[in-house]
Amino acid sequence: MDLTRAFLADKSLHGVMADLDLPPALDAVYGHRLAPRPFFLDRAEADRVTEDVRRFHDLLLSLPRRLFGGSLTRCADALGVPPEQAALMSADPPPFHGRADLYRTTDGFKLLEFNSGSQLGGTDLGDIARAIKESPTMRDFARDLDYVHPVEKLLRAIKPGTTAFLEAGGMLAKYAKGFASLQESCRRLGREILLGELEDLTERNGYLYLNGTKLDVVVRYFNPEQAVGKAEAFLKGTKTEVFTPLSSYLYGYKSTLALLSTADLDRDEQALVDRLLPWTRKLEDVDRDHVRANRENLLLKASGEFAGTGVHAGWLHDDREWNALLDECAHKPHVVQERVRPVLDPMPDDDRGWLTTWGWFVTEEGFAGMSIRTMPHEAGAVVSYGGNPDTRVSGLLLG
């Protein structure tokens, strides 16, 4: 926070975001929606929160054993995952790779959700951090600061060789600008990446092929729902490394967080959950009158949605609307989560506080960079780049 105050106090730095030298593909995605300033974090705090997230991930991985006798099928059923999707998932523990979305509060960082796996947006924002660090405007201020690039950490987590990033069902075209920016980041870091879709794969002698090219590594961006009925070749290609497996998706369901409330945790585990996770329960397990009465302090979240979809903040609805939402969601997988009241962030020449989601990338090596998404607090309850046009992005420098 001292770095933030120092930045805000030095008006000569305030134009840095407008003058960034961004790579062309990244600029096409984000250049028109940059936040008014960089963000800063102490490296020791980054590592401390990452360790909490690592331990939290271990707890999530333990839930099938603790609650369902080791059965991934029973666990998936309890989470509302359709059987045809669960059948595509392996019981083997997936790697520690994901993005924890957090709010910063007066009591530390609080977890809103954990996106487990490789199907993560925002990794290319590491190039915004790099551009801030390299900006002539920031030369003196950022001399002793550093950044961590999520794409670099992703590439370190996978083995060398011919690599494809795979979507499915036409999503590659829908997110073409984002994937072009990812390719650009990888190329800058010395690795050429192919792009394709699940439907384009074939299998031969245990290897996956994309349009005739043999693949050593597949980085998965499609989800289990997209893979149903299309994964025969994908599942047979056991000699091609898949990063990450479809089972990773299970631990990113919001209802997985709610299962922690039913697990028998030891004192240290419970302290970790209490420190990191706001009160979170499956909607079906909470008394309806309690949810009605506490509308102002609760959110309703669809378990398997992403990018801010399916999230309803009780305080933005009246009682009639809230009751209608509860009726609508009663027979679908949803969670109820306690409202987190974050510390609002100051911006240059702006009297409004801004609401920031800190997208904390993590890998087996530890802290893997940040996706900063922020917006004026009156712009809504969900900071989503794809779902809220007032959302802006920034880069993080470590002190």
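In the predicted model, the axes of helix 3 (residues 43-68) and helix 13 (residues 267-276) come within 11 Å of each other and cross at roughly 120°, the axes being lines fitted to C-alpha atoms over the stretch in contact, with angles running from 0 to 180 degrees between N-to-C directions. Helices here are DSSP runs (H or I, at least four residues), and strands likewise (E, at least two), numbered from the N terminus. Asp52, Val53, Arg55, Phe56, Leu59 and Arg66 of helix 3 meet Asp268, Glu269, Leu272, Val273, Arg275 and Leu276 of helix 13, contact being heavy atoms within 4.5 Å. These contact residues divide into 6 nonpolar, no polar and 6 charged, where Ala, Val, Leu, Ile, Met, Phe, Trp, Tyr, Cys and Pro count as nonpolar, Asp, Glu, Lys and Arg as charged, and the others, Gly among them, as polar.

The lining of the largest cavity includes His97, Gly98, Lys153 and Phe361, and helix 7 (150-157) and strand 16 (350-363) each give two or more residues to this lining. On a 1 Å grid over the protein atoms alone, a cavity is a set of points where a 1.4 Å probe fits but cannot get out, and lining residues have an atom within 4 Å of a point. By class, 6 nonpolar, 4 polar and 1 charged residues form the lining of the largest cavity.

Residues are numbered from 1 along each chain as its sequence is written. Local features need pLDDT of at least 70 and side-chain atom pairs count only at pLDDT 80 or more, while totals for chains, interfaces and linings use all residues, and side-chain values use heavy atoms, with hydrogens and water left out.

Definitions and conventions: On a 1 Å grid over the protein atoms alone, a cavity is a set of points where a 1.4 Å probe fits but cannot get out, and a pocket is an open set with protein on both sides within 12 Å along at least five of seven lines; lining residues have an atom within 4 Å of a point.
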